[in-house]
Amino acid sequence: MPVKFRAPRGTKDILPDDIAEWRLVEETFRQWCSRYGYREIRTPTFEDMGLFERTVGETSDIVQKQMFAVMPYGSRHPVGEEERWILRPEGTAPVARALLEHGLLQQSPLVKVFYIAPIFRYERPQAGRLRQHHQCGVEAIGSPSPLLDVEVISLGFDFLSSVGAGGFVINLNSIGCLNENCRPRYRQALISFLQSRERELCEDCQRRLYTNPLRVLDCKEEKCREIVKDAPISVDFLCGECGEHFDAVRKGLDGLGISYELNGRLVRGLDYYTRTVFEFVHPKLGAQSTILGGGRYDGLIEELGGNPTPGVGFGCGIERVLLVREANLQPKTTDATVDVFIAVAADIARDAALKLLYELRRAGIRADCDYLARSLKAQMRYADKLGARFVLILGDEELRENAVTVRDMQRSEQRKEPIDKVVESLSALVANNS
Ligand SMILES: [Zn+2]
Ligand SMILES: [Zn+2]
């Protein structure tokens, strides 16, 4: 019979067999964040739509085409609740919103946080691109220092290298600031250049040319890619301060021995970026090659109504990390599910088995029993499948003697023990075993 329901298009179930790998990636990320002094933050899955219009940008692809709206089913919002809610399409704006709302940026001049969260974007599902994917990311808010850009990049570098996702190339660029001698001047030069080739651009880019010309630089259409090869690049138009900042970022990375490639076409698809932008691209990923991306966003907090506060961060796609991880660094999947299995040899022993199971678990031992009325032989096979080191057998004889038969599956030997002593003796054995 065909199943009636499937996971929605562009989403994926993460099954018990996959979890070891997910946890390994998440725990490695947490570890690195903690070494770098970042603390975890969790924000709601949905936010006010205005938050993303204000920060990511009304002309960005995310806001124009990729947001999932959340609304009460079959009705309008109740009176007084006119917010338009959106499933989180990126990680930075919600974190910035939360830090502002709770005054954390006032309490401390530099706030460093990380998150691990699902991200929702309405896209045409394809390899490496889902409608719900997961990102781990960091935000460091409060300092304009280029050394903080270097820290964030090196954190991404350390995390990906140690989780088995090495082999990436770091692309680096600076898109300058809003000072009129800086990005606006570049923007003008870029528009002039693109206007001379306007007819050759794709339809999207003909529109972007006037709304968001920098986005033409990362258009995926072949004809646009060909044209922008000759386009002016932003680093040639940086104001003095942005130039110094970019030099310091590069010097910092050089000092740490982290290599990168300058990429004048790298702009990132979000409006809030200023100065440094970077992408870690991985050759194994094909067209969707970015595994981690981020940059500086010095105007973001002010855009949300806070005092001018500079910041820098990155987001990293966990599914993509899993796609490129080295096979030899896969977590062990042969791990036993339980330490102890209780096999019931007579129905009359079932109550005693349940009580024993309860006590084993409370003693910190991973334990399970049969719920399918299987034969003793089938229970033993099942215990073996679960990887149980010990099987406790409870039958008529054991009940009469207030005892339990303890079978050591590794050594294939068994003995009887008083039932009220077995939790204690197994605790010691299981502790030694693990
Ligand atoms: Zn500048
Ligand atoms: Zn285009």
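Guide: What follows is a conversation about the sheet, some of its helices and one arginine.

Visitor: Before we start, what kind of model is this, and how are things numbered?
Guide: It is a predicted model, in which local features need pLDDT of at least 70 and side-chain atom pairs count only at pLDDT 80 or more, while totals for chains, interfaces and linings use all residues. Residues are numbered from 1 along each chain as its sequence is written, and chains are lettered from A and ligands numbered from 1 in the order in which they are written.

Visitor: OK, what is the strand order in the open sheet?
Guide: The eight strands run in the order β1-β5-β6-β11-β10-β9-β7-β8, with mixed pairing. Edge strands β1 (39–40) and β8 (261–262) each pair on one side only. Helices (H or I, at least four residues) and strands (E, at least two) are DSSP runs numbered from the N terminus, and two strands pair if DSSP finds at least two bridges between them.

Visitor: And which strands does α10 touch?
Guide: α10 packs on the sheet against β7 and β9, and its direction makes about 35° with that of β9. Contact here is between residues whose C-beta atoms, placed from the backbone, lie within 7 Å; axes are lines fitted to C-alpha atoms, for helices over the stretch in contact, and angles run from 0 to 180 degrees between N-to-C directions.

Visitor: Which residues of α10 are buried?
Guide: They are Cys242, His245, Phe246, Val249 and Leu253. Seen down the helix axis, the buried residues of α10 fall within an arc of 95°, so they line one face; the arc is that of the directions from the helix axis to the C-beta atoms. On the other side of α10, Gly240, Glu244, Lys251, Asp254 and Gly255 are exposed. A residue counts as buried if 20 or more other C-beta atoms, placed from the backbone, lie within 10 Å of its own, as exposed if 12 or fewer do, and as partly exposed in between.

Visitor: What covers that buried side?
Guide: The cover over the buried residues of α10 includes α6 (146–162), β7 (169–174) and β9 (274–281).

Visitor: How is β9 itself placed?
Guide: Seven of its eight residues are buried, so β9 is largely enclosed by the rest of the structure. Six bridges join β9 to β7 in an antiparallel arrangement, with Val169 partnered by Val281 of β9. β9 also pairs with β10 (residues 290–296) in the antiparallel sense over six bridges, where Glu279 has Gly293 of β10 as its bridge partner.

Visitor: Switching to helix pairs, at what angle do α1 and α6 pack?
Guide: α1 (residues 16–35) and α6 pack at about 145°, with their axes 10 Å apart. At this packing, Thr28, Phe29 and Trp32 in α1 meet Leu155, Asp158, Phe159 and Ser162 in α6.

Visitor: Last one: is Arg97 buried or exposed?
Guide: Arg97 is buried, with 22 other C-beta atoms within 10 Å, and it lies in helix α4 (residues 92–101). Leaving aside neighbours within four places in sequence, Arg97 is in contact with Glu47, Leu51 and Leu304.

Note on methods
Two residues are in contact if their C-beta atoms, placed from the backbone, lie within 7 Å.
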